[in-house]
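Here's a quick briefing to keep beside the viewer. Have a look around the fold before reading on.

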Amino acid sequence: MADSQMEDDITLETPAEEVFIAPSINPSLLFAGSSYTHFSPVPPSLLPPASSPSSSPSTTTTPEQKLPQDPGPPCALGVDEAGRGPVLGPMVYGLFYLPLPLSDPLLRNTHHFDDSKVLTPTVRSSLMEKLCTPLSDLHTQCGWAVSVMSARDIGANMMKPAATYNLNAQAMDTTIALIKGVYERGVNVKEIFIDTIGHPATYQKRLERVFPTAKVVVAKKADSLYPCVSAASVCAKVTRDAALEVLYESYISKPDESQEDKDEDEDEEMTGTKPAKVAEEASWGSGYPSDARCTSWLKRNMDPVFGWGAECRFSWGTAKDMLDVKGAAAKVEWPVEEDDETSRLTDYFAAGKEKEGGDELGSWFGRPVGAEVF
């Protein structure tokens, strides 16, 4: 029963075959391993109304006589994350806001938003596409934002030699920054709902101090209880799904394969004997350590010097354990004292069992170790 439940969870976490590539996807920043934030345009209906003259143009008023501008309609705002546990890919925080009266009718009744882990990948992708489609009811009445926390930055912050910046602290700061960004864009946020990390009461008190003019609710399973949090969950999950797809493109076989491999592929395509699951098994799946496709991919693609690319969280035990396997990673001997000016960087790498007279620099950048070493 437990194995069956795990398989179902992995299936729901795996991106859709044709996931919608939302405007929140920035390929250049993803490949660079950089974190970034994306805000959708604020619907005009949610902004403060344009001031209309209440008197004739000839009437003059002093700054003291000017009345404060009316705020826009009161809005509910939800925040949730996707990708907290995976070893591959970013962790994404999603934010969603809309007028208070529309929360249930529009999100729950019309579009059937729910916790993204309950919705199928195809349904999640479809909802996100509707949200990004101009003139749709979601697009004209709702706003959203995401913060993409790259795997590289998560790992670097967690492995700092001093003053470790743990994942909970990173998540809290990201949440606050996202909400502040919505306020700065002129949205009248009156209620804030957040899926908790850690103890709800402690989290809520801190947010109440930061946002004293809003009602703040931090609760477990908020993504199932509050429609705006459900929608935020979908924004976060679809953005992460699309980010995984974009990152994986750099590992897809390029057209420079050997002619022999090409011929084999052509034969397989003509005869129809190539199993459909081969490509599936070659992918990294959901990116979770419990996903066999993920761990197999990590083993096949580990470089002995650099490990993996910016898509990997090196602070995760899964990555650390693979790098620690005897003979998998290159041994590096750092000098205790500074050597003379003739030292070369290649001197720091153990020669291993390479043959004498070989090309010294031919493979010093590293090569995939292959799954067989594990």
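Predicted model: local features only at pLDDT ≥ 70, side-chain atom pairs only at ≥ 80, totals over all residues.

Residues are numbered from 1 along each chain as its sequence is written, and side-chain values use heavy atoms, with hydrogens and water left out.

**The sheet**
- Six strands make an open, mixed sheet, ordered E1-E4-E3-E2-E5-E6; strands are DSSP runs (E, at least two residues), numbered from the N terminus, and two of them pair if DSSP finds at least two bridges between them.
- At the edges sit E1 (36-39) and E6 (215-219), each pairing on one side only.
- Neighbouring strands are turned by 15 degrees on average, direction ignored; axes are lines fitted to C-alpha atoms (for helices, over the stretch in contact), with angles from 0 to 180 degrees between N-to-C directions.
- E2 (residues 75-82) and E5 (residues 189-195) run parallel, joined by five bridges, and Cys 75 has Val 189 in E5 as its bridge partner.

**The helix across it**
- Helix H7 (residues 167-184; helices are H or I runs of at least four residues) lies across E1, E2, E3 (91-99), E4 (143-149) and E5, at about 30 degrees to E3; contact means heavy atoms within 4.5 Å.

**The cavity**
- There is one cavity of 30 Å³ or more, meaning a set of points on a 1 Å grid over the protein atoms alone where a 1.4 Å probe fits but cannot get out.
- Residues lining the largest cavity (an atom within 4 Å of a point) include Leu 30, Gly 33, Ser 150 and Glu 311.

Methods
1 Å grid on protein atoms, 1.4 Å probe; cavity = no way out; pocket = protein on both sides within 12 Å on 5 of 7 lines; lining within 4 Å. Points joined across faces, edges and corners; volume = space filled by probe spheres on them.
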